[in-house]
Amino acid sequence: MTSAGEVFYRRSLVLRAEIEQLVRETQRAGQKEHPELRLGCYQGYQGQAFALAIELSAQSPLANLDALTAKDLRNLPCILVARGTQQAEEQAYCTDVLGLHSEFRFARTFEEARLMVLTAQGYLPVDTFEDSFAPATAIERIPLVSDGQPVTKNYCAFWKTSNRNPHAEEFAQLLQVAFSPTQVD
């Protein structure tokens with residue numbers, strides 16, 4: 001290599017390292033200016049929810065009951081809204097946490113699940129709250145109980161403490177307001 005080529009090569013290595021450092025610093029600065037907030041949500045979620053209910057065809061003999069237990073449902077298929085790898089997680093949650101020991105069938109959307117309920121293919125566990133979406137007239141929504149008490153679910157928000165994303169903190173405050181019990185003065 002000529003002496004001019006050697007000078008060019010050494011200087012180009014230094015410039016390349018400086019450019020790579022400039023790119024990294026620019027990316028870090030851009031992340032601070034435009035942080036992202038990525039959300040995931042349970043597919044069966046239908047509004048503010050705390051209590052669990054069961055939707056089933058109005059033609060079902062169970063539709064006349066005031067409340068249902070997991071034991072009442074054991075011989076009916078449970079319809080869950082989940083896709084792919086999420087199916088195993090949803091089924092495990094229903095079995096291990098909610099105590100629903102049924103055959104499981106899966107729908108890709110909430111609307112598809114409701115059609116399955118309408119055609120008496122099983123029951124659909126849904127989250128309810130006083131202002132949640134009412135089922136169709138051919139579907140009955142009955143509270144799920146355990147030991148005579150309503151089955152409830154807690155919703156939580158998580159993020160890494162190292163992620164000081166202002167959007168995540170603002171979202172957490174909004175959740176706290178939305179899910180806090182309303183106080184009557």
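The model is predicted, so to speak, throughout: local features need pLDDT of at least 70, side-chain atom pairs count only at pLDDT 80 or more, and totals for chains, interfaces and linings use all residues. Residues are numbered from 1 along each chain as its sequence is written, and side-chain values use heavy atoms, with hydrogens and water left out.

I begin with strand β1, residues 51–57; strands here are DSSP runs of E with at least two residues, numbered from the N terminus. Six of the seven residues in β1 are buried, meaning under 20% relative accessible area with a 1.4 Å probe, protein chains only.

Which strands does β1 pair with? Two strands pair if DSSP finds at least two bridges between them. β1 runs antiparallel to β4, residues 124–128, and five bridges join them; here Leu52 lies opposite Asp127. With β5, residues 139–143, β1 also forms five bridges in the antiparallel sense. On that side, Ala53 faces Pro143, and Leu56 has Glu140 as its bridge partner.

Together these strands form an open sheet of three, in the order β4-β1-β5. Because β4 and β5 stand at the edges with a single partner strand each, one side of each has no neighbour in the sheet. Neighbouring strands are turned by 35° against each other on average, direction ignored, with axes fitted as lines to C-alpha atoms and angles running from 0 to 180 degrees between N-to-C directions.

Terms used. Buried < 20%, exposed > 50% of the residue type's maximum accessible area, 1.4 Å probe, protein only. Helix = DSSP H or I, 4+ residues; strand = E, 2+ residues; numbered from the N terminus.
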